[in-house]
Amino acid sequence: MRLPKYKCENCGYEESLDKNMYFCPKCGDPLTIVYEENELQEAVFKGKGVWRYKNVLPVNSEKPVTLNEGGTPLHESVKLYEEIGVKELRIKNEGLNPTGSFKDRGMTVGVTRAVELGARSVICASTGNTAASLSAYAARAGIKSYVVVPEGAVALGKLAQARAAGAKIVKVRGNFDYALKMVRSLAAKTKETYLLNSVNPFRIEGQKTLAYEIIEEYGSPDWIFIPVGNAGNITALWKGLKEMKSIGMIERLPKLAGVQAEGASPIYRAFVEKKEEIIPVQNPQTIATAIKIGNPASWRRAMHAVKESGGVMLSVSDEKILEYQKKLSSEEGIFVEPASAASIAGLAKAASQNLVGKNDRVVAIVTGNGLKDPDSLMRINAEEVVIDADMESLKQVING
Ligand SMILES: *Cc1c(COP(=O)(O)O)cnc(C)c1O
Ligand SMILES: [Zn+2]
């Protein structure tokens, strides 16, 4: 059996996986890991979570660095599907991963690779969840983690996770795009520390298991909606879906809808303006900090995925993001962070424009747990009263 290898999907460059690489030396795009058709078709799935798909993951370790990631619930929508106007809506709750976001799927594979390479430390730039995840897996592997974050722009819960895990937290006076640029240059110059942003192809491999799980449980929906920031996850989702087709698990691929926040939507812009290249947003703004990214590293692969699937890029306002964050909780019981609600807000918009039809079966990915970033919800109107500590007062509240 031939082994998987690196491939640049932009220019076709190929290299053996023995090398430690992240980017194509010819064109600079992030590398992808590809398998021979027969390697996929011979795959056997066994067990639970991400490592159920061990046969189609590019690490050999018998002892992966794991916290039992993946295997997240695909909730059936009980209310929003009707309100939005689709036949079925399933909500894939990635906030129930070990550190509270889908990043764990990539980190279990990425940190396992780091250990295989003998790396003594790992590093990432992060809007928060990558830092929370990397620091936890590094702690488990017993290696040092460095997380480079934009100062003052990371949700409290995420920062707390990285602090607890013992990461060295480097706060940059600048936004995420600067932080990523800096760690990319560092990783290009030194072999000491291993880079674990989503430009790392091993992370994409772990994250593709999101698609495998949806297909195994639900088959192929008509549409999948997913929030887009640096665009690694939509890249991974599409890769996983196509592999499931090669394996013969599905005949028809779903359409993808990538959803960006209005103030950070360079891929959406290029999509609607039919441009070949994105124009980075210099000063991205959105309440959804996990997708507050102006220059997405994997934009080309995201654009390709959306177009190849016959899908769309969408953008949603912060107002709609907050509205659907609240609705996910109050109508479905699912508590997510703002970036996650972008997928549902995007679906509502697509349905109102008849992009998605009444007979469509839809899966929406919600990417991160609401406990990480509760700030915005403390500012909304909620049913709250303060009473004296006596039974009469309580009875009055209950009886109206
Ligand atoms: C990282 C993240 C995203 C964006 O994913 P990309 O791969 O950067 O597009 C969306 N939501 C949450 C909660 C995240 O942590
Ligand atoms: Zn290339």
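In this predicted model, K320, I321, Y324, Q325 and L328 of helix 12 are in contact with P338, A341, A342, I344, A345 and A348 of helix 13. Sorted by class, the residues of this contact comprise 9 nonpolar, 1 polar and 1 charged. Two packed helices are described by the angle between their axes and by the distance between those axes. For helix 12 (residues 318-332) and helix 13 (residues 338-352), the packing angle is about 100 degrees and the axes are 8 Å apart. Angles of 65 to 115 degrees count as roughly perpendicular, and helix 12 and helix 13 are therefore roughly perpendicular to each other.

The loop between helix 13 and strand 13 contains N354. The phi angle of N354 is positive, near 60 degrees, although the residue is not a glycine. N354 has a relative accessible area of 65% and is exposed. A positive phi, of about 65 degrees, is also found at N68, again not a glycine. N68 is located in the loop between helix 1 (37-41) and strand 4 (74-76). With a relative accessibility of 65%, N68 counts as exposed.

A further loop, between strand 13 (361-366) and helix 14 (391-398), holds I380. The relative accessibility of I380 is 34%, so this residue counts as partly exposed. The C-alpha atoms of I380 and E323 are 10.0 Å apart in space, while the two residues are 57 positions apart in sequence.

Ideal angles at a metal are 109.5 degrees for four tetrahedral donors.

Helix 5 (residues 156-165) includes L159. L159 has a relative accessible area of 16% and is therefore buried, the limit for a buried residue being under 20%. Leaving aside residues up to four places away in sequence, the contacts of L159 are with V154, I169 and K171. L159 and V149 are 10 residues apart along the chain, and their C-alpha atoms are separated by 9.3 Å.

In helix 8 (residues 209-218), 8 of the 10 residues are buried, so the helix is largely enclosed by the rest of the structure. The buried residues of helix 8 are T209, L210, A211, Y212, E213, I214, I215 and Y218. Just after helix 8, G219 adopts a positive phi of about 75 degrees.

Technical notes:
Residues are numbered from 1 along each chain as its sequence is written. Chains are lettered from A and ligands numbered from 1 in the order in which they are written. This is a predicted model: local features need pLDDT of at least 70, side-chain atom pairs count only at pLDDT 80 or more; totals for chains, interfaces and linings use all residues. Side-chain values use heavy atoms; hydrogens and water are left out. Axes are lines fitted to C-alpha atoms, for helices over the stretch in contact, and angles run from 0 to 180 degrees between N-to-C directions. Helices (H or I, at least four residues) and strands (E, at least two) are DSSP runs, numbered from the N terminus. Angles under 35 degrees count as roughly parallel, over 145 as roughly antiparallel, 65 to 115 as roughly perpendicular and the rest as oblique. Contact means heavy atoms within 4.5 Å. Ala, Val, Leu, Ile, Met, Phe, Trp, Tyr, Cys and Pro count as nonpolar, Asp, Glu, Lys and Arg as charged, and the others, Gly among them, as polar. Buried means under 20% relative accessible area, exposed over 50%, partly exposed in between (1.4 Å probe, protein chains only).
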